[in-house]
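Please look over the sequence and the model shown below before reading on.

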Amino acid sequence: MSIKLGPNRYGKAETRVVRVTKSGGKHQIRDLNVGVALSGDMADVHLTGDNAAVLPTDTQKNTVFAFAKQHGIASPEDFGLRLARHFVDSQPTIDHARIELEEYEWERNVVGLNSHPHSFVRSGRETRTALVHYDGKQAWVVSGLKDMTVLNSTGSEFHGFIKDKYTTLRETRDRVLATEVNAQWRHAGTDAEWDKSYEVVKRCLLQAFADTHSLSLQQTLYAMGERVLEAVPGIVEVKLQLPNKHHFEVDLTPFGLINDNEVFWAADRPYGLIEGTVVRDVPSAGPAWD
């Protein structure tokens, strides 16, 4: 049985770049964490240690900083596309680039009644994400967000499930539904208005979570994905990962108190993990999700 080199890639992980755009006295901030992974004709470096085909990861890091200065950062998706196309189109030994990005949001500091032009406070909300693939001919873009915690204090039920000898969970017609939304969505092309699209998708996810009278977290997941696809024709697939942030009603009868769905124990683990995809009837995703 022969031994051979399998799929491989290499790159520079987690380059933190902060770009301040100064327009008069008012500044804008884009704060990214950028991961680069390249693949191509890399057999010799693995088999013999010949580095002739290798673009150093330090060079990749420097390119991130140089591009932030030369081109600015219009959006994570735009910046990722620029980097991916550069690495593949400028190096004959590289035929595929994968750029993974996270964006950390800064909000303008408010002093008195006015937003300060160059003072910011770090947002405690979700983290924006983007994933770009480029193979020299075609690009694929996946946008997303993670760690967006949401909660409905009512409007959720869970009953009619399978019961066996190990089942102790009681059915409920009124429960707290809480989750941490981790969502990714795939675009049909690369010419989207990325920031506008992101805001629309985020709004759809939040509205569908709030509007859906939930009989299961799976039902809510589908409603969230469906709302996104209905609102943004350029998006063809939505993947959602929703951990169930369980809130269990505390038994207060030993203390002579009635708990009418008002006091809960928030359990951090173990937790139910609900995952699903809502998709249009479209061609294959290619390497978009890799």
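## A pair of strands

Strand β6 (residues 127-134) and strand β7 pair in the antiparallel sense over 8 bridges, where strands are DSSP runs (E, at least two residues) numbered from the N terminus and two strands count as paired if DSSP finds at least two bridges between them. In this pairing, Tyr-134 stands opposite Ala-139 in β7.

This is a predicted model, in which local features need pLDDT of at least 70 and side-chain atom pairs count only at pLDDT 80 or more, while totals for chains, interfaces and linings use all residues. Residues are numbered from 1 along each chain as its sequence is written, and side-chain values use heavy atoms, with hydrogens and water left out.

## The sheet and its helices

An open sheet of 8 strands, with antiparallel pairing, has the order β1-β2-β3-β6-β7-β8-β9-β12. Its edge strands are β1 (15-23) and β12 (273-279), each of which pairs on one side only. From one strand to the next, the twist averages 20 degrees, with axes taken as lines fitted to C-alpha atoms (for helices over the stretch in contact) and angles running from 0 to 180 degrees between N-to-C directions.

Helix α3 (residues 76-90) packs on the sheet and touches β2 (26-40), β3 (94-104), β6 and β7, its direction making about 160 degrees with that of β3; contact here means heavy atoms within 4.5 Å, and helices are DSSP runs (H or I, at least four residues). Helix α5 (residues 217-231) also packs on the sheet, touching β8 (177-187), β9 (235-243) and β12, and its direction makes about 150 degrees with that of β9.

## Ser-143 in strand β7

Ser-143 is found in strand β7 (residues 139-152). Ser-143 counts as buried because its relative accessible area is 1%, the term buried meaning under 20% (1.4 Å probe, protein chains only).

The side chains of Ser-143 and Glu-77 are joined by a polar contact of 2.6 Å, that is, a pair of N or O atoms within 3.5 Å, of which, within protein, one must be able to donate a hydrogen and the other to accept it, and residues adjacent in sequence count only if both atoms are side-chain atoms. Leaving aside residues up to four places away in sequence, the residues that Ser-143 touches include Thr-129, Ala-130, Trp-185 and His-187.

## The chain as a whole

The secondary structure of the chain comes to 5 helices and 12 strands, and of its 290 residues 41% count as buried. Among contacts between residues at least 6 apart in sequence, 66% join residues at least 24 apart.

Terms used:
Buried means under 20% relative accessible area, exposed over 50%, partly exposed in between (1.4 Å probe, protein chains only).
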